[in-house]
Amino acid sequence: METLTLTTPALLFSAISLIMLAYTNRFLAYAAVIRNLHDKNLKQKDDKLIKQIKNIKQRLYLTRSMQITGITSLLCCVLTMFLIYIKQQTIAVYIFGLALILLIVSLAFLIKEIQISVKALEHHISDMENN
């Protein structure tokens, strides 16, 4: 097995940082939609709004899971670098492996969230096509 160097986990920093930026933008967009739905729901109770609220709530929780696993992956990368620095190579390899697995899980949550988002947009499109 090759030796894990400080540059290997450092390579993930930029990728994870960009992913976290995208996740944060999704979160902020959901916050705006939720505030809008809240205002609409206060003015007029509507079954469609309730369905939209349930959908956005599910997507919000997925985004939270994406963020948590992404941040934990980044923390594992930092821990890996520290372990390499203090010459704990074997533990560093396992922690880096955990970081990669967490990143995969985070991206899997993203795939699920995208599927839910597309389904929600398909409902809007079908409403427009039916009118």
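Me: Before counting elements in this predicted model, what qualifies as a helix or a strand?

Reply: Helices are DSSP runs of H or I with at least four residues, strands are runs of E with at least two, and both are numbered from the N terminus. In this predicted model, the protein chain holds three helices and zero strands, and along the sequence the pattern reads α-α-α.

Me: What share of the contacts with a separation of 6 or more joins residues 24 or more positions apart?

Reply: That share is 79% in the protein chain. As for burial, 29% of the 131 residues are buried, while the accessible surface comes to about 9,100 Å², with 67% of that area belonging to carbon and sulfur atoms.

Me: Is Gln67 buried or exposed?

Reply: Such a call rests on relative accessible area, and buried means under 20%. Gln67, which lies in helix 2, has a relative accessible area of 15% and is therefore buried. Once its neighbours within four places in sequence are left aside, Gln67 is in contact with Met20, Tyr23, Thr24 and Phe27.

Me: And how does Ile114 count by relative accessibility?

Reply: Values between the buried limit of 20% and the exposed limit of 50% are called partly exposed. Ile114, a residue of helix 3, has a relative accessibility of 38%, so it counts as partly exposed.

Me: Which residues lie nearest the centre of the largest pocket, and which elements give two or more residues to its lining?

Reply: The largest pocket has a volume of about 740 Å³, and of its 23 lining residues, those nearest the centre are Lys48, Lys51, Gln52, Ala120 and His124. Helix 1 (7-43), helix 2 (47-85) and helix 3 (89-130) each give two or more residues to this lining, with the largest share, eleven residues, coming from helix 3. By residue class, the lining of the largest pocket divides into seven nonpolar, nine polar and seven charged residues.

Technical notes. Residues numbered from 1 in each chain as written. Predicted model: local features only at pLDDT ≥ 70, side-chain atom pairs only at ≥ 80, totals over all residues. Heavy atoms only, no water. 1 Å grid on protein atoms, 1.4 Å probe; cavity = no way out; pocket = protein on both sides within 12 Å on 5 of 7 lines; lining within 4 Å. Points joined across faces, edges and corners; volume = space filled by probe spheres on them. Nonpolar A, V, L, I, M, F, W, Y, C, P; charged D, E, K, R; others polar. Buried < 20%, exposed > 50% of the residue type's maximum accessible area, 1.4 Å probe, protein only. Contact = heavy atoms within 4.5 Å. Areas by Shrake-Rupley, 256 points an atom, 1.4 Å probe, with all protein chains shown as cover.
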